[in-house]
Every structure is written in C-alpha cells, then in structure tokens.
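Please report on the pocket, the sheet and the surface of this model. Keep it brisk.

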Amino acid sequence: RGMMISNLDEYIEIDSELMNCFKGTILKNDKVKGTEFPVLKPGVCTIICTGDVTRIEVIPRWCCL
C-alpha cells in the first residue's frame with residue numbers, strides 16, 4: 001500500500017487527482033512505485049520520510065460552488 005518515491009533530483013510534485021508525478025512540466029512517474037496515490041482525509045495523516053528530506057509541502061485543491 002501507499003507510495004514510495006526514490007532517486008529524486010531536488011523535488012517532486014505528486015498530483016493525486018491526475019495520478020501523475022512531475023518536476024515542473026517534466027513527467028516523473030518513473031521515480032514512484034506503489035499501488036495508490038495519496039489521499040489525505042480529515043484527521044491524522046502519517047507521512048514517513050528517510051534520507052535528506054528538508055521539507056514536505058501539501059497544497060490542497062479547494063473547490064467551492
């Protein structure tokens with residue numbers, strides 16, 4: 001379960017809605033392994049990192065009608 005990201009060059013953007021990973025406009029799906037894209041639900045969410053991770057940023061896509 002979940003997603004494993006490896007061999008990053010600076011950063012990666014994970015778009016769970018589009019089910020793709022990017023660095024800017026370059027597709028980086030080859031850096032990701034796993035069975036599902038992350039979905040952050042209300043409550044406590046756990047993200048586990050190893051290596052030289054200096055920052056994790058979550059940018060929500062709010063939709064209001």
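The largest pocket is lined by 38 residues. Ile-5, Ile-14, Pro-38, Ile-47 and Ile-56 lie nearest its centre. The elements giving two or more residues to this lining are β1 (3-5) and β2. The volume of the pocket is about 2,000 Å³. A pocket here is an open set of points on a 1 Å grid over the protein atoms alone, with protein on both sides within 12 Å along at least five of seven lines; lining residues have an atom within 4 Å of a point. A volume is the space filled by probe spheres set on the points, which are joined across faces, edges and corners.

This is a predicted model: local features need pLDDT of at least 70, side-chain atom pairs count only at pLDDT 80 or more, and totals for chains, interfaces and linings use all residues. Residues are numbered from 1 along each chain as its sequence is written, and side-chain values use heavy atoms, without hydrogens and water.

Next, the sheet. Its 3 strands run in the order β2-β3-β4, open and antiparallel. β2 and β4 stand at the edges with a single partner strand each, so one side of each has no neighbour in the sheet. Strands are DSSP runs (E, at least two residues), and two of them pair if DSSP finds at least two bridges between them.

| Strand | Residues |
|---|---|
| β2 | 13-15 |
| β3 | 20-23 |
| β4 | 26-27 |

β3 and β4 pair over 2 bridges. Phe-22 has Leu-27 in β4 as its bridge partner.

Notes: Helix = DSSP H or I, 4+ residues; strand = E, 2+ residues; numbered from the N terminus. 1 Å grid on protein atoms, 1.4 Å probe; cavity = no way out; pocket = protein on both sides within 12 Å on 5 of 7 lines; lining within 4 Å.
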